[in-house]
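I opened my notebook to look for pockets and to check on one of the helices. Here is what I wrote down along the way.

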Amino acid sequence: MFPAVSEAVAHRRRTASSERISALAARWRRPFLIALGVTVGLRVVSELVALVSAYGVAFPHVVAHDPHTLIEVWNQWDTGFYLSIAAHGYPAARLTGAHAAGNPLFIAFGPLYPTAIRLVHGVTGTGLLLAGQLVSALSMVVAVAGLVHLAEKDEGHSRSGTTAMLLVAFPTAFFLLADYPDSMALALAVWAFIAVRNRYWVLAGLAAAGLFLTKYYLAIVVVALLVEVWEARSPGDHRARSRREPLLAAVAVVVPTLAAGVGWMVFCARRYGDALAFVHIQSRWGRHFAFPWTLVWRTGGDLIHLRFLDTSTASVMELFDSVTVVLLIGVAVYSYLRIRRSYGVMLGLAACAFTFQTILYSETREVLALFPFFIGGARWVDGHPWRERAVLACFLPASYFLISRFVTNHFAG
């Protein structure tokens with residue numbers, strides 16, 4: 001009898017486990033199919049634009065002669081920093097305040113993405129450049145799948161597709177597949193929110209710590225996660241355990257990022273003699289703390305006097321970055337009032353990080369990691385075809401323009 005009962009229990013457990021796996025697969029099939037489709041599509045389109053921009057109509061002959069051109073065309077700008085860190089680690093130059101002997105610029109770039117490149121390079125045996133693009137592509141698939149899942153929960157199926165469309169159509173979306181950490185940052189941000197909304201507090205905290213080690217300023221996401229923790233509390237339950245849960249959840253969310261920050265400052269202190277080397281080095285790009293009116297005065301003057309049309313490589317990017325910051329502020333307010341408070345907080349803090357400085361630099365790229373920006377945009381255009389067409393009419397030519405500048409070494413940021 002007992003063996004028969006045991007077998008029946010085991011059978012029920014296997015059945016329940018199989019049903020859970022089937023339900024999980026059904027839930028995630030659409031998000032991952034969308035993610036895979038848009039990743040492949042973005043790669044194909046951006047690759048064609050990049051090759052035409054770099055080699056003109058002769059690009060098929062260039063590729064046939066050297067297929068490595070397909071990945072080498074993206075070896076521009078900050079790519080060299082990430083690949084060098086992946087290959088050799090951070091150089092042991094000494095910092096003195098905000099200045100340095102040697103070349104300390106590497107410390108401006110977080111360690112997580114180069115570490116992933118080194119890992120993929122070691123496992124697959126591919127070159128570092130290809131390994132970086134593999135990391136970016138995998139991160140993008142994971143990021144977009146999570147983004148579609150979140151958008152489905154917040155906005156429904158139709159808007160989740162629109163959200164993914166706005167992301168890949170955004171003018172700097174090609175960075176998601178280049179040797180840059182933007183897709184990794186996007187993936188970590190999205191999955192930090194998925195974790196916290198499912199009450200996996202520790203996982204959310206670890207993802208937030210990963211964000212800091214990818215892009216330092218994204219430590220701001222911790223604040224947005226705490227807003228989610230606060231709103232997830234049970235106000236009608238007065239039991240001691242329920243009262244303690246928000247506090248324990250907040251600790252679980254915050255501590256990993258604090259530990260990562262302290263660990264990184266210890267590393268900087270030992271390597272460079274400056275615990276805040278990764279902050280001070282920003283001055284080498286002309287970034288200094290300033291109140292927003294300083295930035296408004298400077299940028300406004302440049303735009304009014306059409307200085308963005310001059311011959312400086314960085315000049316035209318000031319126009320793109322200015323428009324991006326204005327849109328970001330608008331979507332932050334809209335998201336806080338109409339979608340989720342945590343989304344508005346995340347975008348608002350990012351807007352502060354971008355505007356409390358003397359110059360705009362790379363904001364059109366940095367916004368890629370701020371996924372609520374695209375969820376808010378999807379809500380605004382959904383159900384209004386003319387809005388969607390207008391947005392795409394602006395995004396797509398700008399994307400072609402920026403890819404062309406990037407691969408021909410005329411992009412700044």
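This is a predicted model: local features need pLDDT of at least 70, side-chain atom pairs count only at pLDDT 80 or more; totals for chains, interfaces and linings use all residues.

**Helix 4 and its end**

Next I asked myself: which residues of helix 4 are buried? Helix 4 covers residues 79-88, and I listed Thr 79, Phe 81, Tyr 82, Leu 83, Ile 85 and Ala 86 as its buried ones. Then I looked up what covers them, and helix 5 (112-124) and helix 6 (128-155) are included.

**The largest pocket**

The largest pocket holds about 990 Å³. I found 36 residues lining the largest pocket, with Tyr 216, Tyr 217, Phe 278, Gln 282 and Arg 287 closest to its centre. Helix 9 (201-214), helix 12 (277-280), helix 15 (341-355) and helix 16 (363-366) are the elements that give two or more residues to this lining. I sorted the lining by type and got 21 nonpolar, nine polar and six charged residues.

**The second largest pocket**

How much space lies in the second largest pocket? I put down about 320 Å³. The lining here has 16 residues, and Leu 327, Val 331, Gly 377, Trp 380 and Val 391 lie nearest the centre. At least two lining residues each come from helix 14 (315-338), helix 17 (372-381) and helix 18 (385-407). Helix 17 supplies the largest share, six residues. By type, I wrote 12 nonpolar, three polar and one charged for the lining of this second largest pocket.

Conventions:
Residues are numbered from 1 along each chain as its sequence is written. Side-chain values use heavy atoms; hydrogens and water are left out. On a 1 Å grid over the protein atoms alone, a cavity is a set of points where a 1.4 Å probe fits but cannot get out, and a pocket is an open set with protein on both sides within 12 Å along at least five of seven lines; lining residues have an atom within 4 Å of a point. Grid points are joined across faces, edges and corners, and a volume is the space filled by probe spheres set on the points. Helices (H or I, at least four residues) and strands (E, at least two) are DSSP runs, numbered from the N terminus. Ala, Val, Leu, Ile, Met, Phe, Trp, Tyr, Cys and Pro count as nonpolar, Asp, Glu, Lys and Arg as charged, and the others, Gly among them, as polar. Buried means under 20% relative accessible area, exposed over 50%, partly exposed in between (1.4 Å probe, protein chains only). Contact means heavy atoms within 4.5 Å.
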